[in-house]
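The following note sets out several points for a colleague who is reading this model alongside its sequence. Please consider each point with the structure in view.

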Amino acid sequence: AEPLYKRAITIGEKSLGPDHPSLATRLNNLAGLFKAQGKYDEAEPLFKRDIAICEKSLGPDHPDLATSLNNLGLLFKAQGKYDE
């Protein structure tokens with residue numbers, strides 16, 4: 001799965017640009033895979049980049065941003081980072 005997610009991200013960056021909401025979804029998907037594998041240090045920057053793209057392209061009150069924030073929260077929960 002990882003090579004496919006990474007390929008999808010590369011294609012999205014080239015064809016859609018670095019701030020497109022579809023790219024955010026792809027980043028979130030790869031981050032979710034890393035979270036499931038326990039690769040938390042690899043997942044966190046992807047979730048954060050996803051959030052930054054959503055905030056910039058969709059606005060601060062969009063439901064997709066809420067989903068991304070929730071996913072990062074679940075990552076922190078899995079790591080025992082309850083204050084983050």
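**Notes on a helical packing region**

1. The side chains of Asn28 and Asn71 make a polar contact with each other, at 3.1 Å. The model is a predicted one, and the distance should be read as a computed value.

2. Asn28 lies in helix α2, while Asn71 lies in helix α4. Asn28 has a relative accessible area of 14% and is therefore classed as buried, the cut-off being under 20%. Asn71 likewise counts as buried, because its relative accessibility is 17%.

3. Which residues surround this pair? Apart from neighbours within four places in sequence, Asn28 is in contact with Phe47, Asp50, Ser68 and Asn71. With residues up to four places away again left out, Asn71 touches Asn28 and Phe47.

4. In contrast to the buried Asn28, Thr25 is partly exposed, with a relative accessible area of 43%. Thr25 and Pro45 are 20 residues apart along the chain, and their C-alpha atoms are separated by 14 Å.

5. Helix α3 covers residues 40-58, and its 19 residues should span 27 Å at 1.5 Å a residue; the end C-alpha atoms are 26 Å apart, so the two values agree. Just after α3, Gly59 adopts a positive phi of about 100 degrees.

6. Which residues of α3 are buried? They are Ala43, Glu44, Leu46, Phe47, Asp50, Ile51, Ile53 and Cys54. The cover over these buried residues includes α2 (21-36) and α4 (63-79). As a general point, residues three or four places apart on an α-helix point the same way, because there are 3.6 residues a turn.

7. How do α3 and α4 lie relative to each other? Their axes come within 9 Å and cross at roughly 160 degrees. An angle over 145 degrees counts as roughly antiparallel, and α3 and α4 are therefore described in that way. The crossing of α3 and α4 is left-handed. On the α3 side, the residues making the contact include Ala43, Glu44, Phe47, Asp50, Ile51 and Cys54; among those of α4 are Leu65, Ser68, Asn71, Leu72 and Leu75.

8. Two residues link these points. Phe47 is buried in α3 and takes part in the contact between α3 and α4. Asn71 contributes to that contact from α4 and also makes the polar contact with Asn28.

Technical notes: Residues numbered from 1 in each chain as written. Predicted model: local features only at pLDDT ≥ 70, side-chain atom pairs only at ≥ 80, totals over all residues. Heavy atoms only, no water. Helix = DSSP H or I, 4+ residues; strand = E, 2+ residues; numbered from the N terminus. Expected span 1.5 Å × (residues − 1). Buried < 20%, exposed > 50% of the residue type's maximum accessible area, 1.4 Å probe, protein only. Contact = heavy atoms within 4.5 Å. Polar contact = N/O pair within 3.5 Å; in protein donor to acceptor, adjacent residues only side chain to side chain. Axes fitted to C-alpha atoms, helices over the stretch in contact; angles between N-to-C directions. Parallel < 35°, antiparallel > 145°, perpendicular 65-115°, else oblique. Left-handed = near helix turned anticlockwise from the far one by under 90°.
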